[in-house]
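Trainee: I should like to learn how to read the features of a structural model, one at a time. May we begin with the one before us?

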Amino acid sequence: MAARNTVQKTIIRDALVELANHPTADEVYEAVHATHPSISRATVFRTLSRLSDEGVALRVRINNGADHFDHQTFPHYHVHCVECGRVDDVIMPAVDDPALLDERASAVSGYAVSGHELQFDGVCPACQKAHEVASSQVSEA
């Protein structure tokens, strides 16, 4: 059965592309609600889930945090700031052929591995700068 394209789905997809910063479902809802207050939170959450299932958006699962959504669906990695929660793309050559990596994991674990996700954790440039400013203010005092 083909996925239906509804006005709400188009609005939510457009908001995801416009935000372009790996928003959470709540952030997409806030953006959509600002211009289309009749679209409910449940509709936004359900539609983002469907877009992810259909391969139109990526669901970026964050360890110990809310899922984020990415309008770019090509295979790539993500980095998560452990301080402010920001998520960014990490565009770099794959360390290994993804299919080969899955095969190796299957061989070692005995699982029938069907895919993998890789998340880097760290401190974003803005939080690093905030630490530098705070440190310099403390040392001046």
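This is a predicted model: local features need pLDDT of at least 70, side-chain atom pairs count only at pLDDT 80 or more; totals for chains, interfaces and linings use all residues.

Trainee: How many disulfides does the structure hold?

Mentor: A disulfide calls for two cysteine sulfur atoms within 2.5 Å. The structure holds zero disulfides. Cys 84 is in none, and the nearest cysteine sulfur, that of Cys 81, lies 3.7 Å away. Cys 127 is likewise in no disulfide; the nearest cysteine sulfur there belongs to Cys 124, at 3.6 Å.

Trainee: Is Cys 127 buried or exposed?

Mentor: Cys 127 is buried, with a relative accessible area of 13%, since buried means under 20%.

Trainee: Let us turn to helices. What span should helix H3 have?

Mentor: Helix H3 comprises 13 residues, 41-53, and at 1.5 Å a residue it should span 18 Å. The C-alpha atoms at its ends are 18 Å apart, in agreement with that expectation. After H3 comes Gly 55, whose phi is positive, near 80°.

Trainee: Which residues of H3 are buried, and where do they lie around the axis?

Mentor: The general idea comes first. An α-helix has 3.6 residues a turn, so residues three or four places apart point the same way. In this helix, Thr 43, Val 44, Thr 47, Leu 48, Leu 51 and Ser 52 are the buried residues of H3. They cover an arc of only 165° around the axis, which places them on the same side of H3.

Trainee: What do the buried residues of H3 pack against?

Mentor: Their partners are helix H1 (7-19), helix H2 (25-35), strand E1 (58-60) and strand E2 (68-70).

Trainee: How should I read a nonpolar core?

Mentor: In soluble globular proteins, nonpolar side chains tend to be buried together. Here the largest nonpolar core has 14 residues. Those with the most contacts inside it are Ile 12, Leu 16, Val 28, Val 32, Ile 39, Val 44 and Leu 48. H1, H2 and H3 each supply at least two residues of this core.

Trainee: Which residues does Val 28 touch?

Mentor: Leaving aside residues up to four places away in sequence, Val 28 touches Ile 12, Ala 15, Leu 16, Leu 19, Pro 23, Val 44 and Leu 48.

Trainee: Finally, how many salt bridges does a search of the whole structure find?

Mentor: Side chains of opposite charge can pair when their charged atoms come close. A search of the whole structure finds six salt bridges. In one of them, the side chains of Glu 54 and Lys 9 meet at 2.9 Å, N to O. Glu 54 lies in the loop between H3 and E1 and Lys 9 in helix H1, so the pair ties together parts 45 residues apart in sequence. Glu 54 is partly exposed, at 35% relative accessible area, whereas Lys 9 is buried, at 10%.

Trainee: What does Arg 41 form a salt bridge with?

Mentor: Arg 41 pairs with Glu 30, the closest N and O atoms being 4.0 Å apart. Arg 41 belongs to helix H3 and Glu 30 to helix H2, so this pair ties together parts that are eleven residues apart in sequence. Asp 26, Glu 30 and Arg 41 are linked in a network of salt bridges. Arg 41 is partly exposed, with a relative accessible area of 37%, and Glu 30 is partly exposed at 46%.

Conventions. Residues are numbered from 1 along each chain as its sequence is written. Side-chain values use heavy atoms; hydrogens and water are left out. Helices (H or I, at least four residues) and strands (E, at least two) are DSSP runs, numbered from the N terminus. The expected span of a helix is 1.5 Å times one less than its number of residues. Buried means under 20% relative accessible area, exposed over 50%, partly exposed in between (1.4 Å probe, protein chains only). The arc is that of the directions from the helix axis to the C-beta atoms. Contact means heavy atoms within 4.5 Å. A nonpolar core is a set of buried Ala, Val, Leu, Ile, Met, Phe, Trp, Tyr and Cys residues joined through side-chain atoms within 4.5 Å.
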